[in-house]
Every structure is written in structure tokens, then in C-alpha cells.
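User: I would like to learn how to read strands and pockets in a model. Please take me through it step by step.

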Amino acid sequence: MRWSEGPVWFGDGRYLLWSDIPNNRIMRWDEETGATSIYRRPSNYANGNTRDRQGRLVTAEHGRRVTRTEYDGRITLLMDRFDGKRITGPNDVVVKSNGSIYFTDSVNGLRGGGDSPQRELPYNGFYLLKDGKLTLLGGDRDRPGEFPNGIALSPDEK
């Protein structure tokens, strides 16, 4: 691994998934055999991972989207735009029990960072995706070089 992030445990399958970002892959470790293998490559530069309440993998991808991996392995695009502009580089993600998805978005995935000509949004953000609608919960236009990193819900989901 060169830069690992986003570990997520699948207790029902007894395996761990995590992102190996620069190598553009998601890795898998099997508890029973101890074997490590590639779960998905390319991964669109997957970073943060979590599971939804149905047990599916939800991934924040530096490749500028948030996705869900279906049981059959298909990838479903959940979000890649806000106000008609491409999101910058989803970093971390968590799913609430009601299905709402919270994720952070930063310039980490863009070559050139905040000065990248690919950047379409003028801030790093913290978003809520609920019922197909994306809401910006926080983003600082005055400090575009700063970015949110890490996200979690407390046991009462506050």
C-alpha cells in the first residue's frame, strides 16, 4: 500500500475493505484465511468507505463522486454535482440509520489542489445527501485551502 484510508468491516462476511488511494484500488483482507486481495480496481481513487443500513459499500471517491456498490457488484452513482458543478474530491463518508449520507469534499484529490483548473466549486464542503437531494451544510469560501477531514456519528447520531 502507498496511502491507505477508509477501513470498513464486513462482520457478516468476516472481511475488511480499505482504500489504497494512489494505486487506485480497494483492498480486501479475509479474517478466516488471512489473505489480502484486490476487491476493486480501478476504484476511481476511493478514499472513505462505510456501509449503508442494507450492508452495501458506500464510497467517497477522489475521482469526484460518491458511489454505492450493489450486492451484485454494480456501482451506483449517488452524487457527483452540486448546483450544477462537479464536486471536488469526496474524502470521508458516513451513513445515518435513516439512509442520509454525510460526506466531506476537499481538494485533496485534484492535481494542483486548490489552484487546480479542474476545480469548479470555490470551497471545500460538508454535505448531506438525503432522498436524492444534496445540501451543503458547511463550506468556507474565505478559507478555501482548509478542508474537512474525518466524519463520524455519535451513538445517538448527532
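Predicted model: local features only at pLDDT ≥ 70, side-chain atom pairs only at ≥ 80, totals over all residues.

User: What holds strands of a sheet together as pairs?

Analyst: In general, strands pair through backbone hydrogen bonds, and the pairing is either parallel or antiparallel. Here, strand E7 (residues 65–69) pairs with E8 in the antiparallel sense over four bridges. Look at Thr67, which stands opposite Leu77 in E8.

User: Where is the other sheet to look at, and what is its strand order?

Analyst: Four strands in the order E11-E12-E13-E14 form an open sheet, and the pairing is antiparallel. Strand E11 (90–95) and strand E14 (133–139) are at the edges with a single partner strand each, so one side of each has no neighbour in the sheet. The twist in this sheet averages 20° from one strand to the next.

User: How many bridges join E11 and E12?

Analyst: Four bridges join E11 to strand E12 (residues 101–105), in the antiparallel sense. Val95 has Ile101 in E12 as its bridge partner.

User: What lines the largest pocket?

Analyst: Its lining has 13 residues, and Tyr45, His62, Gly109, Leu110 and Arg111 lie nearest the centre. By type, the lining has five nonpolar, six polar and two charged residues. The space in the largest pocket is about 320 Å³.

Definitions and conventions: Residues numbered from 1 in each chain as written. Heavy atoms only, no water. 1 Å grid on protein atoms, 1.4 Å probe; cavity = no way out; pocket = protein on both sides within 12 Å on 5 of 7 lines; lining within 4 Å. Points joined across faces, edges and corners; volume = space filled by probe spheres on them. Nonpolar A, V, L, I, M, F, W, Y, C, P; charged D, E, K, R; others polar. Pairing = 2+ DSSP bridges. Helix = DSSP H or I, 4+ residues; strand = E, 2+ residues; numbered from the N terminus. Axes fitted to C-alpha atoms, helices over the stretch in contact; angles between N-to-C directions.
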